[in-house]
Amino acid sequence: MLAVATVLLALANGDSRTFTPQVLDVRDHHKERVWVLLSSKCFEAEDDVHNFKDSLLDSYSCIDYNDERPKIYKHAGKSWSLWLEKNEFQKDQKFECLNKNVTLPNKLASECVEGVYWEPLEHIMQTGSCQDQGVGANLWSLDLMDGTQNSLYKYFAYSTSTSVEAIVLDTAVDTTHVEFSGLTTRNLFTGTPEPTMSYDHGTHVAGTMVGYGVGAAKDTDLNWYPVCQLGNSCAWSDIEGGYETAISHMQSNTNTKYVINYSVGGSRTSSNEQAYNNWGLRIENAGSFWATSAGNSAANACNFAPAFTVYAVTVAAYNSGLNPAWFTNTGACVDIWGAGEQVYSCLPAGGYGVMSGTSMSSPNIAGLMINLIKADDYTLPQLKTKLLSDSFTLNNGQSAAFWNTDALC
C-alpha cells in the first residue's frame, strides 16, 4: 500500500493514463456501465470525486453521469465508487474513447485511480429453468425446434453467462430491433459500407438464431459482418474480409466460443474450395463452429461452396409438412436438415415477415448448435453426431435436428 506522501507525489499536471475498463476477478460482467474505484487518500470528500468526474466527462466524449440516481459511494472508509454511463448521444462508441490517454487533474498520481472495470454481475442462485414459449402457426419452425409440434417451444433458459456468442456473416443486421434488446451486439466491419447494402436478409437470419421471441438461442450476444453489400450479391473481398475478421476475433477471445452462420454460397470452384477449407480449419482450431446453407438449386450440395466442406455443418431445408423444401440441395455433403420454408423472423425497422431458403434452415440449426455448446463441450465431429442423434425423421427418411432438453429439465 502506498503511503500518502508517495501517492501525492505527481508531476505538476498529474500523471497520464487511460481508463480502459478491465474485467474484475474474472467475474461475470456486462459492458453497459463502467466502475471506477478511487483512493480515499487522494479524494477526501465526495465533492472531490464529483470534480474528478467532471474532468473525465470533459476528456471523454463517450461517457456520461446519471444524476437521477446516486453513483458515488464510499466503501468502508477506503475507496470511492464512481459509476459512469454511456453517452446517449455517442452510443456507437461503446466506451472506446476510454482507451485514450488523458492527463489527470490536480497533480493526481495514476495510483489514485485504483481500477477501472466493466460492471460486475451477480445472479439469482439457480442453475436455469425450462421455459415453454407459446408460438403460433407462423412460428412453426420454432415449434419444431424442441421435437414436438404442439404450439410450444420448450427451451432451457440459462441463468448465467455461458461464453458462447453468435457471428452472422450476411447482409447488415438492424440491431435496433426489439428482438435484439438486452444483447450485446457488435459490428465487426469497420469500413464504409456500400450504398447498396441491405439489412433485410441479415436481420431475418440473426433473429432466427438469437432473437428474443423468434430465435432458437435466447440471451446470446451477437456479432455481425456485412459480407453482402451489393444487394443480394456478395463481393469476394467482403467475404474474405468477413472470415478473416471473424477468425481474428475468435483468436483474440479464447475464453469465448462462437457459432458462425453463413447463409451465402455459390458454385464450388478450385479457388473457393481452398479458401473455405482453410477458413473452416482455422474456425475449428479456434474451438468454434460454423453452420452454412446447403444451397437452393435442388441439386447435389457437394457441387456448391461452402456446402461441400467437412469443416461446416451443412444444412438442407424442410417445410412445415415435414417434406424437403422444393428448392433445397441434398446429398452426401448435407449434415442435417432444418426448417427453411416460410420461416418467420424479424425484419428491419421493427418489422416481421417470412423468408424461404436454406438461408433460413442454416440459422435455425446454428441457434440449436449454440444451445448445445452452452450445455456441454464438443468437438466438431461430436457436435455433428449429437445433431443426428437428437433428431426426428422427415417424410423422405432424412434427419431433422431438434433440442432435446430432457437432461436439462
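This briefing covers the nonpolar cores, salt bridges and disulfides of the structure above.

The structure is a predicted model, in which local features need pLDDT of at least 70 and side-chain atom pairs count only at pLDDT 80 or more, while totals for chains, interfaces and linings use all residues. Residues are numbered from 1 along each chain as its sequence is written, and side-chain values use heavy atoms, with hydrogens and water left out. The structure holds 10 salt bridges, and a search of the whole structure finds four disulfides.

**Nonpolar cores**

- In soluble globular proteins, nonpolar side chains tend to be buried together.
- A nonpolar core is here a set of buried Ala, Val, Leu, Ile, Met, Phe, Trp, Tyr and Cys residues joined through side-chain atoms within 4.5 Å. Buried stands for under 20% relative accessible area, exposed for over 50%, and partly exposed for the range in between, with a 1.4 Å probe and protein chains only.
- The largest nonpolar core has 48 residues, of which Val210, Ile365, Met369 and Leu387 touch the most other members.
- Helix α7 (residues 358-375) supplies the largest share of this core, with eight residues. Helices (H or I, at least four residues) and strands (E, at least two) are DSSP runs, numbered from the N terminus.
- Another core, of 28 residues, lies apart from the largest one, and Val49, Cys62, Cys97 and Val116 are among its members.
- When neighbours within four places in sequence are left aside, Val210 is in contact (heavy atoms within 4.5 Å) with Ala166, Glu179, Phe180, Leu183, Gly215, Ala217, Thr220, Leu222 and Ile370.

**Salt bridges**

- Side chains of opposite charge can pair when their charged atoms come close. The criterion for a salt bridge is a side-chain nitrogen of Lys or Arg within 4 Å of a carboxyl oxygen of Asp or Glu.
- Lys53 and Asp54 are joined by a salt bridge with an N to O distance of 3.0 Å. Lys53 counts as buried at 7% relative accessibility, whereas Asp54 counts as partly exposed at 34%.
- A salt bridge also pairs Arg186 with Glu165, with 3.5 Å between the closest N and O atoms. Because Arg186 belongs to strand β11 (residues 185-187) and Glu165 to strand β10 (residues 164-170), the pair ties together parts that are 21 residues apart in sequence. Arg186 is partly exposed at a relative accessible area of 21%, and Glu165 is buried at 13%.
- Between Arg282 and Glu244, the side chains meet in a salt bridge of 2.9 Å, N to O. This pair links distant parts of the chain, with Arg282 in helix α6 (residues 270-285) and Glu244 in helix α5 (residues 236-252), 38 residues apart. Arg282 counts as partly exposed at 23% relative accessibility, and Glu244 counts as partly exposed at 32%.
- Arg33, Glu85 and Glu119 belong to one network, joined by salt bridges that share partners.

**Disulfides and a further cysteine**

- A disulfide is a covalent bond between the sulfur atoms of two cysteines. The assignment requires a pair of cysteine sulfur atoms within 2.5 Å.
- The sulfur atoms of Cys42 and Cys112 are 2.1 Å apart and form a disulfide, which is left-handed, with -75° about the S-S bond. Distant parts of the chain are linked by this pair: Cys42 is in the loop between β2 (29-39) and α2 (46-59), and Cys112 is in the loop between β6 (102-103) and β7 (113-120), 70 residues apart. Cys42 and Cys112 are both buried.
- Cys228 is joined to Cys234 by a disulfide with an S to S distance of 2.0 Å. The S-S torsion of Cys228 and Cys234 is about 85°, so this disulfide is right-handed. Cys228 counts as buried at 4% relative accessibility, while Cys234 is partly exposed at 22%.
- Cys302 and Cys333 form a disulfide with their sulfur atoms 2.0 Å apart. Its torsion about the S-S bond is about 110°, so the link of Cys302 and Cys333 is right-handed. The pair links distant parts of the chain, 31 residues apart: Cys302 is in the loop between β15 (289-293) and β16 (304-305), and Cys333 is in the loop between β17 (313-318) and β18 (336-339). Both Cys302 and Cys333 are buried.
- Cys346 is in no disulfide, and the nearest cysteine sulfur, that of Cys228, is 17 Å away. Cys346 counts as buried at 0% relative accessibility.
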